[in-house]
Amino acid sequence: MSAITLRELTKVYPNGVRALDALDLEIADGEFFALLGPSGCGKTTLLRTIAGLELASGGTVRIGERAVTNLPPGQRDVAMVFQDYALFPHMTVRDNIAYPLRIKKVGKAARQDKAAATADELGLSTLLERRPGQLSGGQQQRVALARAMACHPKVFLLDEPLSNLDARLRLEARTFLKRLQRELGVTTVFVTHDQAEALALADRIAVMEGGRIRQVGTPTEVFRRPANTFVAGFIGSTPMNLVPARVDGDALTLAGVRLPVPEDARGQLADGETVIYGVRPEYLDYSPEPVPDALTGQVVVVENLGSFSLVSLDVPAEDDTATSVQVVVPEGREPDPGDTGWVVPRPGRSLVYRDGELVGGPTAPPVPAPRTGVGAEA
Ligand code: ADP
Ligand code: MG
């Protein structure tokens with residue numbers, strides 16, 4: 001068993017920065033888990049505190065059955081891959097991969113064999129005698145992974161391991177990493193600031209802000225039902241529209257248009273209160289002709305994103321201000337700036353927030369059973 005359990009984990013640096021703030025989290029054995037959040041939210045600190053490279057200021061870390069909060073890194077049975085790979089430039093690939101085994105006092109022949117076998121699994125066998133400077137970024141990244149794998153750790157900790165690769169290589173490395181993790185079945189915590197990477201790779205994601213966790217869920221859950229407006233704005237390739245609306249009986253009024261209240265928010269809203277109405281640009285339909293129950297406004301910007309465009313409209317609100325609404329329009333049907341357009345939300349796709357927290361939204365689809373005994377959400 002190598003689940004990871006964090007209880008009220010706190011890290012305050014000597015300069016007073018509270019990088020982790022009483023954080024609770026459970027990562028299941030064998031899970032591929034992503035820590036996602038903007039720069040400076042505490043992802044690296046959290047990973048280093050799990051590894052033992054930073055000592056917690058408060059709270060506890062358990063790996064499997066063991067409390068490791070005060071153990072040095074060498075006794076935690078974890079391997080970390082750093083953002084810059086941190087390979088030894090003067091050593092060959094073989095010696096780089098074998099290095100942690102040397103630290104563990106494994107005999108020379110055994111560690112050379114182990115390094116060669118691990119290199120083989122990662123497609124590096126022909127590169128064993130090269131030095132890091134003679135490798136591409138993608139190859140260096142694989143050597144760093146191989147070095148982490150060679151000791152058969154119970155936990156892999158990866159800090160933005162793909163961020164130094166160019167876009168195309170990053171996609172390739174992403175697929176490779178996902179397959180490798182599936183095959184090895186080792187509990188893996190993966191740090192990224194890239195929401196698309198987290199959605200693509202992880203079994204579950206923790207979205208972090210300011211040293212705290214704002215939501216934990218599967219990619220489907222955090223995409224469909226962001227628990228607060230922070231997650232709503234952070235997850236998704238185009239940010240969610242978040243627009244003030246007034247509760248009016250069993251409907252929401254927004255720029256003079258009545259829109260249905262999401263089913264599971266009914267009965268939880270007070271007549272006349274102002275809430276935030278959320279809908280993703282992908283779940284709005286654009287029409288160049290008037291349609292009933294549509295928000296209408298003037299097209300301001302059209303951004304070509306390949307197979308579709310992101311269209312921004314200024315929708316006049318009751319108080320004479322204009323609200324910007326973005327909608328995804330398929331290729332070939334883009335309007336021009338200055339056109340008048342109508343947008344209609346698709347049924348069952350909108351959300352309501354009050355004071356930044358989710359009141360109701362789409363009812364999440366059944367969550368598939370996790371691969372390895374992930375318990376119910378804490
Ligand atoms: P992330 O990896 O999400 O970008 P970090 O964990 O690196 O975030 O940093 C979290 C916060 O802690 C930031 O405000 C950062 O400036 C601060 N911080 C990180 N490392 C140190 C350190 N060694 N000393 C003081 N402050 C630090
Ligand atoms: Mg970092």
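This report walks through the fold, a few strands and helices, and the ligand site of a predicted model.

First, some housekeeping. Because this is a prediction, local features need pLDDT of at least 70 and side-chain atom pairs count only at pLDDT 80 or more, while totals for chains, interfaces and linings use all residues. Residues are numbered from 1 along each chain as its sequence is written, and chains are lettered from A and ligands numbered from 1 in the order in which they are written.

**The chain as a whole**

You're looking at eight helices and 21 strands; helices (H or I, at least four residues) and strands (E, at least two) are DSSP runs numbered from the N terminus. The C-alpha trace spans about 75 × 45 × 40 Å along its principal axes. Of the 378 residues, 37% count as buried, meaning that 20 or more other C-beta atoms lie within 10 Å of the residue's own; 12 or fewer makes a residue exposed, and anything in between partly exposed, with C-beta atoms placed from the backbone. Take contacts (C-beta atoms, placed from the backbone, within 7 Å) between residues at least 6 apart in sequence: 66% of them join residues at least 24 apart.

The UniProt record, an unreviewed entry, marks residues 4-235 as "domain: ABC transporter"; such annotations may be inferred rather than shown by experiment, and their positions are given in the numbering used here, with feature names shortened. That span is 36% helix and 25% strand, and its end C-alpha atoms lie 25 Å apart.

Which residues sit around ligand 1? The list includes Tyr13, Asn15, Gly40, Lys43 and Thr44, where a residue counts as near if its C-beta atom, placed from the backbone, lies within 6 Å. Helix α1 (residues 43-51) gives the most to this shell, with three residues. By class, the shell has four nonpolar, seven polar and one charged residues. Here Ala, Val, Leu, Ile, Met, Phe, Trp, Tyr, Cys and Pro count as nonpolar, Asp, Glu, Lys and Arg as charged, and the others, Gly among them, as polar.

Further along, helix α2 (residues 93-103) has Val93, Arg94, Asn96, Ile97, Ala98 and Leu101 as its buried residues, and they pack against α3 (108-121) and α4 (137-149). Just after α2, lysine 105 takes a positive phi of about 65°.

**Strands and sheets**

Strands pair if DSSP finds at least two bridges between them. One open sheet has four strands in the order β2-β1-β4-β5, with antiparallel pairing. β2 (18-27) and β5 (66-67) stand at the edges with a single partner strand each, so one side of each has no neighbour in the sheet.

| Strands | Bridges | Residue pair |
|---|---|---|
| β4 and β5 | two | isoleucine 63 and arginine 66 |
| β16 and β17 | six | valine 302 and valine 311 |
| β17 and β18 | nine | aspartate 314 and serine 324 |

β16 and β17 make a hairpin with three residues between them, and glycine 306 in the turn has a positive phi of about 95°. The covered face of β17 (residues 308-316) carries Ser309, Val311, Leu313 and Val315, whereas Phe308, Leu310, Ser312, Asp314 and Pro316 are on the uncovered one.

Serine 237 lies between α8 (229-234) and β11 (241-248). Why does serine 237 count as partly exposed? Because serine 237 has 13 C-beta neighbours inside 10 Å.

How values were computed: Two residues are in contact if their C-beta atoms, placed from the backbone, lie within 7 Å.
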